[in-house]
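Here is my note on the model, as numbered points. Please read it with the structure open.

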Amino acid sequence: VEIAPQRLGYVMLDVTDLDRSTKFFTNVVHLHISERQGDRVFLRGGTHHHWIVLRQAAIPALARIAMQVESAEHLELLKRRLRDCGTECEEGEGMASDRVARYLRFRDPSGTPLELYVGMAEFNERPPPGHVDVVDIQHVVLFQKDVLSGYRFYTDVLGLGLSDWIEERTAFLHFRNGWHHGIGVTGPLPDSQFGLDHICFSVPDLNNVMRARALVQRFNVPITSDLLKHAASGSTSFYFAGEDSIVEFAFGSSNFATDPTLKPRNLKARPDTVNVWLAGLDDVEPIEVTERMRQRAEANMIRRGRASPRSATN
Ligand SMILES: [Fe+2]
C-alpha cells in the first residue's frame with residue numbers, strides 16, 4: 001500500500017466574527033453545526049465530526065489544512081518522512097479539544113499550517129437532507145511562494161499523486177480517495193495572511209449546484225466565477241465569496257481511484273482550460289452591445305419587480 005493521506009479532512013479558519021462566519025457556513029454553504037466549544041464552532045456535512053472549524057480570533061487567517069490518514073502506522077511512517085526532510089512536527093492527542101485521536105502538525109515550504117490526523121470522532125448518521133446535498137469537502141487550492149517546491153513537498157514527502165499540471169503555474173494533486181484534486185498548488189502567494197485560494201465542496205449533480213447558486217443569488221452573495229466546466233477535473237461548478245474564503249460547489253470531478261485510464265497531463269494555460277465552454281470562441285467576432293439592449297433589459301427587470309439587473313431584491 002502506498003503511504004499517503006486518505007482524503008482532505010477539514011479546514012480550520014481564524015475568523016473575526018464567529019457568529020457571522022457560522023451563519024455563512026450554515027446558511028450559504030449548507031453545513032450543520034456539530035459542536036460549539038468556547039471560541040470554536042465545528043461544522044459537518046457527512047458523518048465525520050467536522051469539515052470546517054471556525055475559531056474566533058483578532059486577525060483572520062488560515063489556521064490549518066488537515067488531512068486524514070488511514071492508520072496510526074501510516075501516521076508514524078509519514079512522520080518519519082517529514083523528519084527525514086527536516087520538517088519540524090508537533091504531535092499530540094486531541095480527542096478532548098480537537099475531536100481527533102492523534103495529530104501531527106507542521107508547515108509546507110510556503111508556511112501553510114498543515115495537519116495529518118487519525119481517528120476523528122464520528123456521528124452515526126449524516127445531517128438531515130437540506131436545500132443542497134453537500135456530499136464531501138473535496139479540495140482546497142493553496143497559494144505557494146514557489147509552486148515547484150510546493151509540488152515536490154506534497155508529492156515526494158506526503159505522497160499525493162499528480163493529476164494534472166496547468167503549464168508550470170498550477171499542479172492538481174490527489175489523495176488516496178482519488179478526487180482529481182484534493183489539493184491544488186498555485187502561485188505566487190498574494191500579499192496577505194491567507195495561503196488559501198478556495199475550498200470546494202462536492203454535490204451529487206447539476207441540480208444541487210443550481211440550487212446552491214439560486215440561494216447565493218437570492219442572498220446577493222458575490223459570485224466570483226459563475227458556472228463553468230474545468231478541463232482538468234471535468235467538474236462543473238461556480239464560486240462565491242465569503243468573508244473567510246472563496247467557496248466552490250462542484251459536481252462531476254474525475255477520480256483517479258476509480259478511473260484507471262486517467263493519466264497526468266500538462267494542460268496549456270488558456271481560457272478554455274479554465275472553462276471548456278469557451279472552446280472554439282477565440283475567433284468569434286464580438287457584437288455591439290447597444291444602449292437599446294441595456295434599456296430593454298432594464299425595462300424587463302423593472303417589469304419583473306427588479307429595479308435593475310443587479311438589484312438586491314428578487
Ligand atoms: Fe476548485
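1. Start with histidine 139, which counts as buried at 2% relative accessibility. Buried means under 20% relative accessible area, exposed over 50%, and partly exposed in between (1.4 Å probe, protein chains only). The model is predicted: local features need pLDDT of at least 70, side-chain atom pairs count only at pLDDT 80 or more, and totals for chains, interfaces and linings use all residues. Residues are numbered from 1 along each chain as its sequence is written, and side-chain values use heavy atoms, with hydrogens and water left out.

2. The metal site. Which residues coordinate the iron ion? His139 (NE2), His198 (NE2) and Glu248 (OE) do, at 2.0 to 2.2 Å. Donors are N, O and S atoms within 2.8 Å of the metal (3.2 Å for Na, K and Ca); water is not among the atoms, so sites may look incomplete. The donor residues are spaced H-x58-H-x49-E in sequence. Histidine 139 sits in strand β9 (residues 136-143) and glutamate 248 in strand β16 (residues 246-251), so the pair ties together parts 109 residues apart in sequence. Helices (H or I, at least four residues) and strands (E, at least two) are DSSP runs, numbered from the N terminus. Glutamate 248 is also buried, with a relative accessible area of 1%.

3. The main core. The largest nonpolar core has 59 residues. Such a core is a set of buried Ala, Val, Leu, Ile, Met, Phe, Trp, Tyr and Cys residues joined through side-chain atoms within 4.5 Å. Ile52, Leu116, Leu158, Phe201 and Phe240 touch the most other members. Helix α4 (residues 147-157) gives the most to this core, with five residues. Another core, of 10 residues, lies apart from it; Phe42, Ala66, Tyr103 and Tyr117 are among them.

4. Phenylalanine 240. Leaving aside neighbours within four places in sequence, its contacts (heavy atoms within 4.5 Å) include Phe24, Val28, Val29, Val216 and Phe249.

5. The structure holds 23 salt bridges, each a side-chain nitrogen of Lys or Arg within 4 Å of a carboxyl oxygen of Asp or Glu. In one of them, arginine 7 pairs with aspartate 136, the closest N and O atoms being 3.1 Å apart. Arginine 7 lies in strand β1 (residues 7-15) and aspartate 136 in strand β9, so this pair ties together parts 129 residues apart in sequence. Arginine 7 and aspartate 136 are both buried.

6. Arginine 83 meets glutamate 91 at 3.9 Å, N to O. Arginine 83 is partly exposed, at 42% relative accessible area; glutamate 91 is partly exposed too, at 34%. Arginine 102 also bridges to glutamate 91, with the closest N and O atoms 2.9 Å apart. Arginine 102 is in strand β7 (residues 100-107) and glutamate 91 in strand β6 (residues 90-94), so the pair ties together parts 11 residues apart in sequence. Shared partners join Glu76, Lys79, Arg83, Glu91, Glu93 and Arg102 into one network.

7. Alanine 61. This residue is found in strand β5 (residues 61-68). Alanine 61 is buried, with a relative accessible area of 16%. Its C-alpha atom is separated by 7.9 Å from that of aspartate 244, 183 residues apart along the chain.

8. Leucine 281. This residue is found in the loop between α6 (271-274) and α7 (291-303). Leucine 281 is partly exposed, with a relative accessible area of 43%.
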